[in-house]
Amino acid sequence: RLSDPNERVRAQAARALGELRDPKAVDPLIKALGDRHKLVRTEAAEALGRIGDPMAVDHLIRALKDENGRVRGAAARAMGEIGDPRALYALVAALRDRDEDVRGEAARALGKLGDDRALEPLIDALSDDDTYVRCYATIALGTIGEAALDSLIQALRSEYSDVRERAAHTL
């Protein structure tokens, strides 16, 4: 029902396909990323993350440029779920998105990738204006491992109590 005239039906169809986690749904969901309605695009991105097929990564990277912040956030979250290293640079760029939810989802996704090439951008994100972003950046640094140890120790002296708390917990 991804072609239904009603956007809510299309969105629910995308959600259902994600819950099935059937790789045969990847192509129709990729097509749904181009739907005219933001709710459908959001559900399609989230469904692709649930399915976890790396074939969707390039399309999700393009979805990070969507006009709607919820769609961009869902795309970042999906790339974290998929865990494909091709998403790294797009997620690093998303740390500078105008929407704090997108920045937070990008930090969280980078944590799931666990790639030490994200170290410096995540350190920069510790100073983000948004608490959500700072917390996910701190947690993400913990997944990078030993390369982030010095940064987490420095984070214990952050002006932000949430960063200090997360750094202590992560260490």
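Select Glu 100. In this predicted model, Glu 100 is partly exposed, with a relative accessible area of 35%. The residue belongs to helix 7, which covers residues 100-113.

Now show what surrounds Glu 100. Leaving out residues up to four places away in sequence, Glu 100 touches Asp 130, Tyr 132 and Val 133. Keep Val 133 selected and display C-alpha atoms. The C-alpha atoms of Glu 100 and Val 133 are 6.8 Å apart. Along the chain, 33 residues separate Glu 100 and Val 133.

Next, step back to Asp 97. This residue sits in the loop between helix 6 (88-94) and helix 7. Buried or exposed? Asp 97 is buried, because its relative accessible area is 13% and the cut-off for buried is under 20%.

Show the side chain of Asp 97 and the backbone of Asp 99. A polar atom of the Asp 97 side chain lies 2.8 Å from the backbone nitrogen of Asp 99.

Together, Leu 149, Ile 153, Leu 156 and Leu 171 make a nonpolar surface patch of about 310 Å². Zoom in on Leu 156. Where is it found? Leu 156 is in the loop between helix 10 (149-155) and helix 11 (161-170). Its relative accessibility is 35%, so Leu 156 counts as partly exposed.

Note on methods
Residues are numbered from 1 along each chain as its sequence is written. This is a predicted model: local features need pLDDT of at least 70, side-chain atom pairs count only at pLDDT 80 or more; totals for chains, interfaces and linings use all residues. Side-chain values use heavy atoms; hydrogens and water are left out. Patches are made of residues with over 30% relative accessible area and no salt bridge: like charges are joined within 9 Å, nonpolar side chains (Val, Leu, Ile, Met, Phe, Trp, Tyr) within 5 Å. Accessible areas come from the Shrake-Rupley method with a 1.4 Å probe; for residues, only the protein chains shown count as cover. A salt bridge is a side-chain nitrogen of Lys or Arg within 4 Å of a carboxyl oxygen of Asp or Glu. Helices (H or I, at least four residues) and strands (E, at least two) are DSSP runs, numbered from the N terminus. Buried means under 20% relative accessible area, exposed over 50%, partly exposed in between (1.4 Å probe, protein chains only). Contact means heavy atoms within 4.5 Å. A polar contact is a pair of N or O atoms within 3.5 Å; within protein, one must be able to donate a hydrogen and the other to accept it, and residues adjacent in sequence count only if both atoms are side-chain atoms.
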